[in-house]
Amino acid sequence: MAKLVVDVSGMTCNHCVQSVTTAVEALDKVQSVDIELEPKGNSRVTITHDGAELGDVASAVSAEGYTLEAVAEQS
Ligand SMILES: [Cu+2]
């Protein structure tokens, strides 16, 4: 299982967390999503996956109205 950690801007509350979790978990090859909400900055999104594409994650995040700002860790 691989891990992808990204920083996402624009998330302010648990509704945002739920939206992003649902959207990213719906992607192919994503096992689980864990989000550390940081309402005043970038929230940290940890994705456990089995070959998911970074571009697909970025698209899912932006489709919900948020922005993938940076990749913090990829393994
Ligand atoms: Cu919100």
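**Entry 1: the core.** I began with the largest nonpolar core of this predicted model. It has 15 residues, and those touching the most other members are Val-8, Val-20, Val-24, Ile-47, Val-57 and Val-61.

**Entry 2: Val-8.** I picked Val-8 from that list of core residues and located it in strand E1, residues 2-9. Is Val-8 buried or exposed? I found 25 other C-beta atoms within 10 Å of Val-8, and the cut-off for burial is 20 or more, so Val-8 is buried. Leaving out residues up to four places away in sequence, I listed what Val-8 touches: Val-20, Asn-42, Ser-43, Val-45, Val-61, Tyr-66, Thr-67, Leu-68 and Glu-69. For one of these, Glu-69, I looked up the separation from Val-8: 61 residues in sequence, but 5.5 Å in space from C-alpha to C-alpha.

**Entry 3: contacts over the chain.** Of the 75 residues, 23% count as buried.

**Entry 4: order of elements.** I counted 2 helices and 4 strands. Reading from the N terminus, I get β-α-β-β-α-β. The radius of gyration is 11 Å, close to the 11 Å that the globule rule gives for 75 residues, so the protein is as compact as a globular protein of that length. For the extent of the C-alpha trace along its principal axes, I noted about 30 × 20 × 15 Å.

**Entry 5: the sheet.** In what order do the 4 strands lie in the sheet? I read E2-E3-E1-E4, an open sheet with antiparallel pairing. E2 and strand E4 (67-74) are at the edges; each has a single partner strand, so one side of each lacks a neighbour in the sheet. From one strand to the next, the twist averages 25 degrees.

**Entry 6: partners of E1.** I checked the two pairings of E1 in turn. With E3, the pairing is antiparallel over 7 bridges, and Val-6 stands opposite Val-45 of E3. With E4, the strands also run antiparallel, joined by 6 bridges. Here the bridge partner of Val-8 is Leu-68, and Ser-9 stands opposite Thr-67. Both Leu-68 and Thr-67 were already on my list of residues that Val-8 touches.

**Entry 7: helices on the sheet.** Which strands does H2 touch as it packs on the sheet? I found E1, E3 and E4, with the direction of H2 at about 145 degrees to that of E4. H1 packs on the sheet as well, touching E1, E2 and E3, and its direction makes about 160 degrees with that of E2.

Entry 8: I listed the buried residues of H2 as Val-57, Ala-60 and Val-61. Seen down the helix axis, these buried residues fall within an arc of 100 degrees, so they line one face of H2. The general rule I kept in mind is that an α-helix has 3.6 residues a turn, so residues three or four places apart point the same way. The buried residues of H2 pack against E1, H1, E3 and E4. On the other side of H2, I found Gly-55 and Ala-63 exposed.

**Entry 9: positive phi.** Last, I looked up backbone angles. Just after H2, Gly-65 has a positive phi of about 100 degrees. Lys-29 also has a positive phi, near 70 degrees, and is a residue other than glycine. I noted it because most residues other than glycine have a negative phi. Where is Lys-29? I placed Lys-29 in the loop between H1 and E2. There are 12 other C-beta atoms within 10 Å of Lys-29, and 12 or fewer counts as exposed, so Lys-29 is exposed.

Terms used. Residues numbered from 1 in each chain as written. Predicted model: local features only at pLDDT ≥ 70, side-chain atom pairs only at ≥ 80, totals over all residues. Rg over C-alpha atoms; globule rule 2.2 N^0.38 Å. Contact = placed C-beta atoms within 7 Å. Core = buried A, V, L, I, M, F, W, Y, C linked by C-beta atoms within 7 Å. Pairing = 2+ DSSP bridges. Axes fitted to C-alpha atoms, helices over the stretch in contact; angles between N-to-C directions. Arc of directions from axis to C-beta.
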